[in-house]
Amino acid sequence: MSQNTRYQARMPDEFGVIHYSDEEHRIWQDLFTRHQHSIQNRACQDYLDGLDQLSLCAQKIPQLNDIDQVLQKHTGFATAIVPALISFAKFFELLAAQKFPVATFIRSREDFDYIQEPDIFHEVVGHCPLLTHPAFAKFTHTYGKLGKKADQKTRGFLARLYWFTMEFGLMETKQGLRIYGGGILSSPKETLYALSDAPEYREFRLNDVLRTPYRIDKLQPIYYVIKNPDELFYLDENQLLSAIETAKINGMYPMHPSLMDNESPIT
């Protein structure tokens, strides 16, 4: 992914406080209000429980120290301030240390509906709620440990796994399909689209996920569906590595070759 961006992370003062402008707080409030409407009867209960645990204020951008206290209490995770875009190597290094990367800027009004760079709204509202949940936190930690010692080709397969789970994953529940992926839940447009009649849903099978390219430039044509968080919880490093090595040996056989040109690493 290109490292060019006009956004820069905001750094804390000597007391650990990041100072935002009134307009930046208003953007957060508008994003958060819209998000609360869009996730009704669409987000999975595990995500909603995590959101409650974080006790985010609708009127102002949260301080990461407050987020860290909640994550540490529940799963041992914490946040780490990063620039707008980071390398694969840095991403995996942080997750392996149970630190979730958060770019501390917030999008402008110009990018209100869509921003390619992950801003603080995407990271905190999209991902941090599930990091209070043991199954999702363990999967994220395992993913980071494996990625930290993986070669470039292995990391390409791992990118697909993260994309179709923590970014754009769905879950089957007693209430029907529900969303847990942060990439969906931080985008009201994709939140509505993901549970419409438009996309294709597939049962989560590790080997299939590793063979499926993804799109970064449009709404997802394919979503993978897990039955419950334990499907991810019980994926260990050896199992993941074995599946990836099998995919390497068999070659990359994308189910949708036309998607390949627009596949890009997550950061």
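Reply: Of the 267 residues of the chain, 54% count as buried, where buried means under 20% relative accessible area with a 1.4 Å probe, protein chains only. The model is predicted: local features need pLDDT of at least 70, side-chain atom pairs count only at pLDDT 80 or more, and totals for chains, interfaces and linings use all residues. Residues are numbered from 1 along each chain as its sequence is written, and side-chain values use heavy atoms, leaving out hydrogens and water.

Ser 38 is one of the buried residues, at a relative accessible area of 6%. Ser 38 belongs to helix α1, residues 22-38; helices are DSSP runs of H or I with at least four residues, strands are E runs of at least two, and both are numbered from the N terminus. A polar atom of the Ser 38 side chain lies 3.0 Å from the backbone oxygen of His 35. Leaving aside residues up to four places away in sequence, Ser 38 touches Pro 188 and Thr 191, contact meaning heavy atoms within 4.5 Å.

On the scale of the chain, residues 24 or more positions apart account for 68% of the contacts with a separation of 6 or more. The secondary structure comes to twelve helices and six strands. The radius of gyration is 18 Å, close to the 18 Å of the globule rule for 267 residues, so the chain is as compact as a globular protein of that length; the radius is taken over C-alpha atoms, and the rule is 2.2 Å times the number of residues to the power 0.38. The C-alpha trace spans about 55 × 40 × 35 Å along its principal axes.

Key: Buried means under 20% relative accessible area, exposed over 50%, partly exposed in between (1.4 Å probe, protein chains only). A polar contact is a pair of N or O atoms within 3.5 Å; within protein, one must be able to donate a hydrogen and the other to accept it, and residues adjacent in sequence count only if both atoms are side-chain atoms.
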